[in-house]
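This briefing covers helix packing and sheet order. The sequence and structure come first.

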Amino acid sequence: MKNLIRLEDVIIGYENRGILGAINLSVDSGQFWGILGQNGGGKSTLLKTILGLLPPVSGRIESRQGMVFGYVPQNEKFDPIFPISVEEIVSMGRYSRVPVGMKLGKKDRSLVTKSMEKVGIDHLRGRTFRSLSGGEKQRALLARAIAGEPDVLVLDEPTASVDVKGEAQIMELVQKIRSDDGLTVLMVSHFLNTVTNYADMIILIDKDSGYFRAGGRSGVLTGENLNRFFGLGTGSGQIKNLREI
């Protein structure tokens, strides 16, 4: 298969009810895709359909054989009565690579440690997940995702729970992991600046207006598309200085 992921005439939605017209999309190895849209606009529905968590209403989705996703959700909550540790959280990322009923081996535990070291939380391995700050939790979830040695790193609002400084740190970390490990990245975000600073491929999606555009950054983020999608033009400098949409 030439593409890593391919959607052919895919309609996304719930309970056999589509929320948008047919989508055709090809994702190639090494690309960084930023998925932009308003709350409830269909971003997460598209992401979950690509991940196989939601079946498409119609159409065809193909993925390269043996491909592994590493998924970082917007937030992850665990019952506070159950004091799960950071190391236990990250270890969960290895279970996609371990046969059912088998325990993690020496190699698995080594990769868990390396993943924590990569994101700078090895010193927190014994701490409970619930005791971490928002930024530390995101790092732990990122470590869990890369512990599974994924081909595609999937990020759902990875900087939603952090401040401006934390956002920059998380995104630089994602970029470094992408470069070091040769990963493809799919990222949902509300932040136009974040997406334009890091993603080379862009998806604009809004189910309410039926709007969908996908392609290279310069081809999608045109004045016409931004004006129609966000109500912005390029002449006022708004796009450069805008943080949140």
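Helices (H or I, at least four residues) and strands (E, at least two) are DSSP runs, numbered from the N terminus. Axes are lines fitted to C-alpha atoms, for helices over the stretch in contact, and angles run from 0 to 180 degrees between N-to-C directions. This is a predicted model, in which local features need pLDDT of at least 70, side-chain atom pairs count only at pLDDT 80 or more, and totals for chains, interfaces and linings use all residues. Residues are numbered from 1 along each chain as its sequence is written, and side-chain values use heavy atoms, with hydrogens and water left out.

**Helix pair**

- The axes of helix 4 (residues 134–147) and helix 5 (residues 164–181) are 11 Å apart, at an angle of about 15°.
- Helix 4 is therefore roughly parallel to helix 5 (angles under 35 degrees count as such).
- In contact (heavy atoms within 4.5 Å), helix 4 uses Gly135, Gln138, Arg139, Leu142 and Ile146, which meet Gln169, Ile170, Leu173, Val174 and Ile177 of helix 5.

- An open, mixed sheet is formed by six strands in the order 7-8-9-5-10-11.
- Strand 7 (69–72) and strand 11 (211–216) are the edges; each has a single partner strand, so one side of each lacks a neighbour in the sheet.
- Strand 8 (residues 152–156) pairs with strand 9 (residues 184–189) in the parallel sense over five bridges; pairing requires at least two bridges found by DSSP.
- Val154 is opposite Leu186 in strand 9.

**Helices on the sheet**

- Helix 5 packs on the sheet and touches strand 5 (32–36), strand 8 and strand 9, its direction making about 145° with that of strand 5.
- Helix 4 lies across strand 7 and strand 8, at about 170° to strand 7.

Notes:
Angles under 35 degrees count as roughly parallel, over 145 as roughly antiparallel, 65 to 115 as roughly perpendicular and the rest as oblique.
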